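Please consult the sequence and the model alongside the text.

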Amino acid sequence: MTEVLPTPRRERWYRAVWRWHFYAGLLCVPLVLWLSVTGGIYLFKPQIEGLLYAPYRNLANPAGPRLVPEAIAASAVSAVPGSILHKYVLPKAPGDAVEVLVGRNGEDVRVWVHPRTGEVLHRAAEESRFMRVVFRLHGELLAGDRGSALVETAACWTIVMLLTGLFLWWPRQSGGRLAGVLYPRLRRGRALFWRDIHAVTGLWITIGALFLIASGLPWANAWGDYFRQLRAITGTLDGKQDWSAGSGAETRERVRADAGMRAMMSEHAEHGGMSMMHMAPAPAALDAVVWRAETLRFAPPVEVSPPTAPGMPWQVRSQAENRPRRDSAEVAESGRLIGIQRFADRHWIDRTVGYGVAIHEGAWWGLANQLANLAVLLGLMMLCISSIVLWWRRRPGRMLGAPASFAPLRHSWALVLLVVVLALVMPLFGLSLALAVVVEKSFKRLLPPLASWMGWRKA
(Lines give C-alpha, C1' and ligand atoms only; values in the text may rest on other atoms or scores of the structure.)
Protein backbone atom coordinates (compact mmCIF):
# COMPACT_ATOMS: atom_id res chain seq x y z
CA MET A 1 0.00 0.00 0.00
CA THR A 2 1.46 3.33 -1.07
CA GLU A 3 1.81 5.92 1.72
CA VAL A 4 -0.08 9.12 1.06
CA LEU A 5 2.20 12.05 1.73
CA PRO A 6 0.78 15.21 3.22
CA THR A 7 0.35 18.24 1.01
CA PRO A 8 2.86 21.05 1.58
CA ARG A 9 0.13 23.19 3.11
CA ARG A 10 -0.95 20.51 5.62
CA GLU A 11 2.65 19.60 6.40
CA ARG A 12 3.44 23.27 7.02
CA TRP A 13 0.55 23.54 9.51
CA TYR A 14 1.77 20.37 11.18
CA ARG A 15 5.30 21.69 11.54
CA ALA A 16 3.91 24.93 13.00
CA VAL A 17 2.07 22.93 15.67
CA TRP A 18 5.23 20.99 16.46
CA ARG A 19 7.26 24.22 16.77
CA TRP A 20 4.72 25.78 19.10
CA HIS A 21 4.68 22.67 21.24
CA PHE A 22 8.46 22.71 21.36
CA TYR A 23 8.72 26.44 22.11
CA ALA A 24 6.13 26.04 24.86
CA GLY A 25 8.16 23.23 26.35
CA LEU A 26 11.41 25.21 26.26
CA LEU A 27 9.83 28.08 28.17
CA CYS A 28 7.43 26.19 30.38
CA VAL A 29 9.20 23.11 31.70
CA PRO A 30 11.43 24.88 34.27
CA LEU A 31 8.67 27.24 35.41
CA VAL A 32 5.96 24.57 35.48
CA LEU A 33 8.18 22.47 37.74
CA TRP A 34 8.77 25.53 39.96
CA LEU A 35 5.10 26.51 40.07
CA SER A 36 4.02 22.94 40.75
CA VAL A 37 6.35 22.63 43.73
CA THR A 38 5.48 26.03 45.23
CA GLY A 39 1.79 25.56 44.45
CA GLY A 40 1.84 22.13 46.06
CA ILE A 41 3.27 23.64 49.24
CA TYR A 42 0.75 26.49 49.27
CA LEU A 43 -2.14 24.05 48.88
CA PHE A 44 -1.56 22.95 52.44
CA LYS A 45 -1.34 26.43 53.93
CA PRO A 46 -3.97 25.73 56.64
CA GLN A 47 -2.14 22.64 57.88
CA ILE A 48 1.31 24.26 57.68
CA GLU A 49 0.28 27.43 59.49
CA GLY A 50 -1.60 25.35 62.02
CA LEU A 51 1.70 23.70 62.94
CA LEU A 52 3.78 26.89 62.77
CA TYR A 53 1.48 28.85 65.06
CA ALA A 54 0.31 26.06 67.35
CA PRO A 55 2.25 27.59 70.31
CA TYR A 56 -0.13 30.56 70.26
CA ARG A 57 -3.35 28.57 70.62
CA ASN A 58 -5.19 27.55 73.83
CA LEU A 59 -3.16 29.90 76.04
CA ALA A 60 -5.88 30.87 78.49
CA ASN A 61 -9.07 29.51 79.99
CA PRO A 62 -11.80 30.38 77.47
CA ALA A 63 -14.18 31.19 80.32
CA GLY A 64 -11.65 33.37 82.16
CA PRO A 65 -11.19 37.14 81.98
CA ARG A 66 -9.66 38.71 78.87
CA LEU A 67 -8.25 42.12 78.12
CA VAL A 68 -10.40 44.48 76.10
CA PRO A 69 -9.40 44.82 72.40
CA GLU A 70 -8.12 48.36 72.90
CA ALA A 71 -5.58 47.18 75.49
CA ILE A 72 -4.49 44.27 73.31
CA ALA A 73 -4.03 46.54 70.29
CA ALA A 74 -2.11 49.06 72.41
CA SER A 75 0.27 46.31 73.50
CA ALA A 76 0.86 45.31 69.87
CA VAL A 77 1.45 48.89 68.75
CA SER A 78 3.94 49.53 71.55
CA ALA A 79 5.91 46.45 70.47
CA VAL A 80 6.63 48.06 67.09
CA PRO A 81 7.79 51.66 67.65
CA GLY A 82 6.27 54.20 65.29
CA SER A 83 3.52 51.88 64.13
CA ILE A 84 -0.26 52.24 64.18
CA LEU A 85 -3.06 49.72 64.16
CA HIS A 86 -3.87 48.39 60.70
CA LYS A 87 -5.98 45.32 61.48
CA TYR A 88 -7.28 43.54 64.56
CA VAL A 89 -7.92 39.83 63.93
CA LEU A 90 -10.60 38.10 65.97
CA PRO A 91 -9.16 34.93 67.57
CA LYS A 92 -10.69 31.68 66.35
CA ALA A 93 -11.10 30.50 69.94
CA PRO A 94 -11.37 32.62 73.14
CA GLY A 95 -8.17 31.17 74.59
CA ASP A 96 -6.03 31.81 71.51
CA ALA A 97 -3.53 34.63 71.16
CA VAL A 98 -4.90 37.70 69.40
CA GLU A 99 -3.19 38.58 66.12
CA VAL A 100 -2.82 42.29 65.45
CA LEU A 101 -1.38 43.83 62.28
CA VAL A 102 0.45 47.08 62.89
CA GLY A 103 2.82 48.99 60.69
CA ARG A 104 4.06 52.01 58.86
CA ASN A 105 3.42 52.86 55.22
CA GLY A 106 3.52 49.62 53.23
CA GLU A 107 5.15 47.46 55.87
CA ASP A 108 2.94 45.37 58.14
CA VAL A 109 4.05 43.46 61.22
CA ARG A 110 1.87 40.71 62.70
CA VAL A 111 1.97 40.61 66.49
CA TRP A 112 0.65 37.78 68.66
CA VAL A 113 -0.65 39.05 72.03
CA HIS A 114 -1.69 36.98 75.05
CA PRO A 115 -5.45 37.55 75.50
CA ARG A 116 -5.31 37.72 79.31
CA THR A 117 -1.97 39.31 80.17
CA GLY A 118 -1.32 41.46 77.08
CA GLU A 119 2.17 40.00 76.76
CA VAL A 120 3.62 40.14 73.25
CA LEU A 121 4.40 36.51 72.40
CA HIS A 122 5.75 36.84 68.89
CA ARG A 123 6.02 39.30 66.04
CA ALA A 124 6.93 38.85 62.39
CA ALA A 125 7.02 41.04 59.30
CA GLU A 126 3.94 40.05 57.35
CA GLU A 127 5.70 39.60 54.01
CA SER A 128 8.47 37.49 55.57
CA ARG A 129 6.13 34.86 57.02
CA PHE A 130 6.74 31.44 55.46
CA MET A 131 3.46 31.07 53.57
CA ARG A 132 3.59 34.66 52.32
CA VAL A 133 7.06 33.96 50.90
CA VAL A 134 5.75 30.80 49.24
CA PHE A 135 2.82 32.79 47.83
CA ARG A 136 5.18 35.37 46.31
CA LEU A 137 7.53 32.68 45.02
CA HIS A 138 4.59 31.00 43.33
CA GLY A 139 3.01 34.08 41.78
CA GLU A 140 5.92 36.46 41.25
CA LEU A 141 9.18 34.57 41.80
CA LEU A 142 9.89 37.25 44.45
CA ALA A 143 10.50 39.63 41.53
CA GLY A 144 7.39 41.82 41.68
CA ASP A 145 5.65 42.80 38.45
CA ARG A 146 8.44 41.40 36.25
CA GLY A 147 8.20 38.04 37.94
CA SER A 148 4.42 38.11 37.61
CA ALA A 149 4.76 38.81 33.88
CA LEU A 150 7.15 35.89 33.46
CA VAL A 151 4.84 33.54 35.36
CA GLU A 152 1.85 34.75 33.34
CA THR A 153 3.69 34.22 30.05
CA ALA A 154 4.72 30.73 31.09
CA ALA A 155 1.14 29.95 32.16
CA CYS A 156 -0.19 31.04 28.76
CA TRP A 157 2.39 28.97 26.92
CA THR A 158 1.54 26.02 29.15
CA ILE A 159 -2.01 26.20 27.81
CA VAL A 160 -0.59 26.04 24.29
CA MET A 161 1.69 23.17 25.29
CA LEU A 162 -1.24 21.15 26.65
CA LEU A 163 -3.52 21.82 23.67
CA THR A 164 -0.86 21.18 21.03
CA GLY A 165 0.21 18.04 22.89
CA LEU A 166 -3.31 16.64 22.65
CA PHE A 167 -3.55 17.53 18.97
CA LEU A 168 -0.20 15.95 18.18
CA TRP A 169 -0.97 12.77 20.05
CA TRP A 170 -4.68 12.12 19.67
CA PRO A 171 -4.91 11.44 15.90
CA ARG A 172 -2.41 8.60 16.15
CA GLN A 173 -4.69 6.58 18.45
CA SER A 174 -6.86 3.99 16.69
CA GLY A 175 -8.75 0.79 17.08
CA GLY A 176 -10.55 1.72 20.29
CA ARG A 177 -7.70 0.37 22.41
CA LEU A 178 -7.43 1.64 25.96
CA ALA A 179 -3.79 0.69 26.48
CA GLY A 180 -1.64 3.71 25.76
CA VAL A 181 -4.71 5.93 25.90
CA LEU A 182 -6.21 5.60 29.37
CA TYR A 183 -3.34 3.71 30.96
CA PRO A 184 0.32 3.23 30.04
CA ARG A 185 1.86 0.05 28.65
CA LEU A 186 4.56 -0.67 31.19
CA ARG A 187 6.20 -3.76 29.65
CA ARG A 188 6.81 -2.72 26.06
CA GLY A 189 10.24 -1.18 26.35
CA ARG A 190 11.58 2.15 27.55
CA ALA A 191 10.66 4.16 24.46
CA LEU A 192 7.01 3.16 24.56
CA PHE A 193 6.93 3.44 28.36
CA TRP A 194 7.98 7.11 28.37
CA ARG A 195 5.75 7.90 25.40
CA ASP A 196 2.74 6.38 27.16
CA ILE A 197 3.55 8.04 30.49
CA HIS A 198 3.68 11.41 28.72
CA ALA A 199 0.52 10.90 26.63
CA VAL A 200 -1.65 9.23 29.27
CA THR A 201 -0.68 11.73 31.95
CA GLY A 202 -1.50 14.58 29.57
CA LEU A 203 -4.90 13.11 28.78
CA TRP A 204 -5.85 12.71 32.44
CA ILE A 205 -4.70 16.07 33.77
CA THR A 206 -5.30 18.49 30.90
CA ILE A 207 -8.73 19.67 32.04
CA GLY A 208 -7.60 20.10 35.64
CA ALA A 209 -4.41 21.88 34.58
CA LEU A 210 -6.27 24.24 32.25
CA PHE A 211 -8.65 25.08 35.11
CA LEU A 212 -5.78 25.79 37.52
CA ILE A 213 -4.11 28.06 34.97
CA ALA A 214 -7.30 29.92 34.05
CA SER A 215 -8.33 30.40 37.69
CA GLY A 216 -4.86 31.77 38.48
CA LEU A 217 -4.78 34.38 35.69
CA PRO A 218 -6.85 37.02 37.58
CA TRP A 219 -3.91 37.25 40.04
CA ALA A 220 -1.43 38.00 37.25
CA ASN A 221 -0.35 41.60 37.01
CA ALA A 222 -0.82 42.14 33.25
CA TRP A 223 -3.84 39.92 32.66
CA GLY A 224 -5.45 41.02 35.93
CA ASP A 225 -5.14 44.66 34.89
CA TYR A 226 -6.49 43.77 31.44
CA PHE A 227 -9.42 42.01 33.15
CA ARG A 228 -10.15 45.02 35.39
CA GLN A 229 -10.08 47.43 32.46
CA LEU A 230 -12.42 45.21 30.48
CA ARG A 231 -14.83 45.11 33.42
CA ALA A 232 -14.65 48.88 33.81
CA ILE A 233 -15.46 49.33 30.11
CA THR A 234 -18.39 46.90 30.28
CA GLY A 235 -19.71 48.32 33.55
CA THR A 236 -19.29 45.04 35.46
CA LEU A 237 -16.72 46.32 37.95
CA ASP A 238 -18.45 46.19 41.33
CA GLY A 239 -16.42 47.28 44.35
CA LYS A 240 -13.00 46.12 45.46
CA GLN A 241 -11.85 42.79 44.07
CA ASP A 242 -11.24 39.99 46.56
CA TRP A 243 -7.97 38.69 45.17
CA SER A 244 -4.43 39.96 44.95
CA ALA A 245 -3.47 42.42 42.24
CA GLY A 246 0.24 41.82 42.86
CA SER A 247 2.72 42.85 45.54
CA GLY A 248 3.17 46.32 44.05
CA ALA A 249 -0.55 47.09 44.12
CA GLU A 250 -0.87 45.66 47.64
CA THR A 251 2.00 47.85 48.88
CA ARG A 252 0.43 50.94 47.36
CA GLU A 253 -2.90 50.08 48.99
CA ARG A 254 -1.24 49.64 52.40
CA VAL A 255 0.58 52.98 52.04
CA ARG A 256 -2.69 54.72 51.17
CA ALA A 257 -4.56 53.07 54.04
CA ASP A 258 -1.76 53.88 56.51
CA ALA A 259 -1.78 57.54 55.50
CA GLY A 260 -5.54 57.68 55.87
CA MET A 261 -5.51 56.01 59.27
CA ARG A 262 -2.84 58.37 60.58
CA ALA A 263 -4.84 61.33 59.37
CA MET A 264 -7.82 59.98 61.30
CA MET A 265 -5.96 59.75 64.59
CA SER A 266 -7.39 61.99 67.27
CA GLU A 267 -5.32 64.97 68.38
CA HIS A 268 -4.65 63.45 71.79
CA ALA A 269 -3.26 60.17 70.36
CA GLU A 270 0.31 60.78 71.48
CA HIS A 271 -0.32 63.12 74.43
CA GLY A 272 0.63 61.95 77.87
CA GLY A 273 2.44 58.85 76.61
CA MET A 274 -0.76 57.38 75.18
CA SER A 275 -0.41 54.85 72.38
CA MET A 276 -0.93 55.75 68.76
CA MET A 277 -3.72 53.28 68.19
CA HIS A 278 -6.60 55.65 68.99
CA MET A 279 -7.84 56.35 65.50
CA ALA A 280 -11.45 57.34 66.03
CA PRO A 281 -13.02 60.17 68.02
CA ALA A 282 -14.34 57.68 70.57
CA PRO A 283 -11.43 56.12 72.53
CA ALA A 284 -13.29 52.81 72.94
CA ALA A 285 -14.34 52.55 69.27
CA LEU A 286 -12.23 49.41 68.72
CA ASP A 287 -13.91 47.71 71.69
CA ALA A 288 -17.38 48.51 70.35
CA VAL A 289 -16.56 47.44 66.78
CA VAL A 290 -14.92 44.19 67.87
CA TRP A 291 -17.92 43.38 70.04
CA ARG A 292 -20.21 43.91 67.05
CA ALA A 293 -17.93 41.88 64.80
CA GLU A 294 -18.08 38.94 67.20
CA THR A 295 -21.89 38.95 67.01
CA LEU A 296 -21.84 38.66 63.20
CA ARG A 297 -20.40 35.12 63.29
CA PHE A 298 -18.40 35.55 60.09
CA ALA A 299 -16.17 32.69 58.97
CA PRO A 300 -12.70 33.06 60.57
CA PRO A 301 -10.29 34.66 60.37
CA VAL A 302 -12.12 37.99 60.68
CA GLU A 303 -10.23 41.28 60.34
CA VAL A 304 -11.35 44.60 61.83
CA SER A 305 -9.86 47.68 60.14
CA PRO A 306 -10.09 51.34 61.21
CA PRO A 307 -11.50 53.97 58.82
CA THR A 308 -9.14 55.62 56.36
CA ALA A 309 -11.01 58.87 55.74
CA PRO A 310 -13.39 61.16 57.63
CA GLY A 311 -16.93 59.88 57.71
CA MET A 312 -15.96 56.35 56.71
CA PRO A 313 -17.01 53.39 58.87
CA TRP A 314 -14.89 50.62 60.33
CA GLN A 315 -14.52 47.55 58.10
CA VAL A 316 -15.14 43.98 59.25
CA ARG A 317 -14.08 41.35 56.72
CA SER A 318 -13.94 37.58 56.76
CA GLN A 319 -10.70 36.28 55.25
CA ALA A 320 -11.79 32.64 55.16
CA GLU A 321 -9.67 30.39 52.94
CA ASN A 322 -12.89 29.27 51.24
CA ARG A 323 -13.76 32.54 49.53
CA PRO A 324 -17.48 31.82 48.99
CA ARG A 325 -17.74 32.06 52.80
CA ARG A 326 -16.28 35.57 52.85
CA ASP A 327 -18.72 38.23 54.04
CA SER A 328 -18.02 41.82 55.05
CA ALA A 329 -19.70 44.53 57.09
CA GLU A 330 -19.46 48.23 57.83
CA VAL A 331 -19.72 49.25 61.47
CA ALA A 332 -19.92 52.68 63.07
CA GLU A 333 -17.50 53.63 65.85
CA SER A 334 -20.35 53.19 68.32
CA GLY A 335 -20.70 49.54 67.32
CA ARG A 336 -23.86 50.14 65.30
CA LEU A 337 -24.10 47.86 62.28
CA ILE A 338 -24.37 49.94 59.10
CA GLY A 339 -24.62 47.16 56.56
CA ILE A 340 -23.52 43.66 55.52
CA GLN A 341 -22.42 42.40 52.12
CA ARG A 342 -22.68 38.65 51.69
CA PHE A 343 -20.70 36.75 49.10
CA ALA A 344 -24.00 36.04 47.32
CA ASP A 345 -24.57 39.80 46.99
CA ARG A 346 -21.47 40.32 44.87
CA HIS A 347 -21.44 40.55 41.07
CA TRP A 348 -21.63 37.18 39.34
CA ILE A 349 -18.15 37.70 37.86
CA ASP A 350 -16.70 38.23 41.35
CA ARG A 351 -18.53 35.14 42.59
CA THR A 352 -17.23 33.08 39.66
CA VAL A 353 -13.65 34.21 40.24
CA GLY A 354 -14.12 33.63 43.98
CA TYR A 355 -15.12 30.01 43.43
CA GLY A 356 -12.25 29.58 40.95
CA VAL A 357 -9.70 31.00 43.39
CA ALA A 358 -11.05 28.85 46.24
CA ILE A 359 -10.73 25.70 44.15
CA HIS A 360 -7.31 26.83 42.86
CA GLU A 361 -6.07 27.16 46.44
CA GLY A 362 -7.63 23.85 47.51
CA ALA A 363 -9.97 25.56 49.96
CA TRP A 364 -13.40 24.92 48.48
CA TRP A 365 -13.86 21.28 49.41
CA GLY A 366 -11.34 20.66 52.14
CA LEU A 367 -8.79 17.88 51.94
CA ALA A 368 -10.39 16.33 48.84
CA ASN A 369 -9.84 19.58 46.95
CA GLN A 370 -6.23 19.75 48.13
CA LEU A 371 -5.50 16.18 47.06
CA ALA A 372 -7.18 16.63 43.67
CA ASN A 373 -5.08 19.73 42.97
CA LEU A 374 -1.96 17.95 44.19
CA ALA A 375 -2.65 15.11 41.73
CA VAL A 376 -2.85 17.63 38.88
CA LEU A 377 0.41 19.28 39.97
CA LEU A 378 2.17 15.93 40.21
CA GLY A 379 0.83 15.12 36.75
CA LEU A 380 2.27 18.37 35.39
CA MET A 381 5.62 17.50 36.91
CA MET A 382 5.45 14.06 35.31
CA LEU A 383 4.65 15.68 31.95
CA CYS A 384 7.72 17.89 32.27
CA ILE A 385 10.06 15.07 33.27
CA SER A 386 8.77 12.68 30.59
CA SER A 387 9.01 15.41 27.93
CA ILE A 388 12.69 15.92 28.76
CA VAL A 389 13.32 12.16 28.53
CA LEU A 390 11.44 11.87 25.21
CA TRP A 391 13.26 14.82 23.70
CA TRP A 392 16.65 13.54 24.85
CA ARG A 393 16.05 10.07 23.44
CA ARG A 394 14.71 11.30 20.09
CA ARG A 395 16.62 14.54 19.60
CA PRO A 396 18.30 15.04 16.23
CA GLY A 397 22.05 14.69 16.32
CA ARG A 398 23.85 17.91 17.32
CA MET A 399 20.59 19.83 17.17
CA LEU A 400 18.24 21.32 19.72
CA GLY A 401 15.16 21.26 17.50
CA ALA A 402 11.95 19.35 18.01
CA PRO A 403 11.87 15.73 16.86
CA ALA A 404 10.85 15.18 13.27
CA SER A 405 7.12 14.82 12.71
CA PHE A 406 5.83 11.29 12.18
CA ALA A 407 2.49 11.79 10.45
CA PRO A 408 0.29 14.51 8.99
CA LEU A 409 -2.12 16.11 11.40
CA ARG A 410 -5.70 16.62 10.32
CA HIS A 411 -7.48 19.82 11.23
CA SER A 412 -4.28 21.42 12.49
CA TRP A 413 -5.63 24.69 11.06
CA ALA A 414 -8.23 24.59 13.86
CA LEU A 415 -5.50 24.51 16.47
CA VAL A 416 -3.68 27.37 14.74
CA LEU A 417 -6.92 29.37 14.83
CA LEU A 418 -7.35 28.56 18.53
CA VAL A 419 -3.80 29.73 19.25
CA VAL A 420 -4.50 33.00 17.44
CA VAL A 421 -7.63 33.49 19.58
CA LEU A 422 -5.59 32.80 22.73
CA ALA A 423 -3.06 35.41 21.58
CA LEU A 424 -5.86 37.98 21.42
CA VAL A 425 -7.34 36.98 24.79
CA MET A 426 -3.97 36.80 26.57
CA PRO A 427 -1.88 39.81 25.47
CA LEU A 428 1.43 38.67 26.97
CA PHE A 429 1.14 35.37 25.14
CA GLY A 430 0.33 37.21 21.92
CA LEU A 431 3.39 39.42 22.30
CA SER A 432 5.68 36.50 23.09
CA LEU A 433 4.26 34.49 20.17
CA ALA A 434 4.84 37.39 17.78
CA LEU A 435 8.38 37.72 19.14
CA ALA A 436 9.00 33.99 18.58
CA VAL A 437 7.80 34.25 14.98
CA VAL A 438 9.96 37.31 14.27
CA VAL A 439 13.03 35.71 15.87
CA GLU A 440 12.58 32.51 13.88
CA LYS A 441 12.14 34.36 10.59
CA SER A 442 15.12 36.63 11.28
CA PHE A 443 17.47 33.89 12.42
CA LYS A 444 16.68 31.78 9.36
CA ARG A 445 18.01 34.58 7.19
CA LEU A 446 20.73 36.12 9.33
CA LEU A 447 22.10 33.16 11.28
CA PRO A 448 21.69 29.96 9.23
CA PRO A 449 23.93 27.88 11.56
CA LEU A 450 21.77 28.78 14.57
CA ALA A 451 18.63 28.06 12.60
CA SER A 452 20.05 24.68 11.65
CA TRP A 453 20.93 23.95 15.31
CA MET A 454 17.39 24.86 16.35
CA GLY A 455 16.05 22.49 13.70
CA TRP A 456 14.24 25.11 11.65
CA ARG A 457 13.70 24.28 8.02
CA LYS A 458 14.25 26.89 5.33
CA ALA A 459 10.81 26.38 3.83
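Which residues are linked with Arg 132 in a network of salt bridges? The network comprises Glu 127, Arg 132, Arg 136, Glu 140, Glu 250 and Arg 254, where a salt bridge is a side-chain nitrogen of Lys or Arg within 4 Å of a carboxyl oxygen of Asp or Glu.

The model is predicted: local features need pLDDT of at least 70, side-chain atom pairs count only at pLDDT 80 or more, and totals for chains, interfaces and linings use all residues. Residues are numbered from 1 along each chain as its sequence is written, and side-chain values use heavy atoms, with hydrogens and water left out.

**Overall composition**

The secondary structure comprises 14 helices and eight strands; these are DSSP runs numbered from the N terminus, helices being H or I with at least four residues and strands E with at least two. Of the 459 residues, 47% count as buried, on a scale where buried means under 20% relative accessible area, exposed over 50% and partly exposed in between (1.4 Å probe, protein chains only). The protein exposes about 23,700 Å², of which carbon and sulfur atoms supply 64%; the areas come from the Shrake-Rupley method with a 1.4 Å probe, and for residues only the protein chains shown count as cover. Among contacts (heavy atoms within 4.5 Å) between residues at least 6 apart in sequence, 62% join residues at least 24 apart.

**Salt bridges and the hairpin**

The salt-bridge count comes to 23.

| Pair | Closest N to O distance |
|---|---|
| Glu 126 and Arg 110 | 2.9 Å |
| Arg 129 and Glu 126 | 3.2 Å |

Arg 132 is buried, with a relative accessible area of 18%. Arg 129 and Glu 126 are both buried, and Arg 110 is buried as well.

Strand S3 (residues 107–113) runs antiparallel to strand S4 (residues 120–125), and five bridges join them; two strands pair if DSSP finds at least two bridges between them. Trp 112 has His 122 in S4 as its bridge partner. Six residues separate the two strands of this hairpin, and Gly 118 in the turn has a positive phi of about 80°.

Helix H9 (residues 285–296) has twelve residues, which should span 16 Å at 1.5 Å a residue; its end C-alpha atoms are 17 Å apart, in agreement. The expected span is 1.5 Å times one less than the number of residues. Buried residues of H9 include Asp 287, Val 289 and Leu 296, and among the elements that cover the buried residues are helix H3 (69–79) and strand S1 (84–90). Arg 297 follows H9 and has a positive phi, near 60°.

Gln 370 belongs to helix H11 (residues 366–394) and is buried, with a relative accessible area of 4%. Leaving aside neighbours within four places in sequence, Gln 370 is in contact with Leu 43, Phe 44, Pro 46, Gln 47 and Gly 362.

**Helices H12 and H13**

Val 425 is found in helix H12 (residues 412–425) and is partly exposed, at 40% relative accessible area. Helix H13 (residues 427–446) has 20 residues and reaches 28 Å from its first C-alpha to its last, close to the 28 Å expected. Its buried residues include Leu 428, Phe 429 and Glu 440. Ala 434, also found in H13, counts as partly exposed at 40% relative accessibility.
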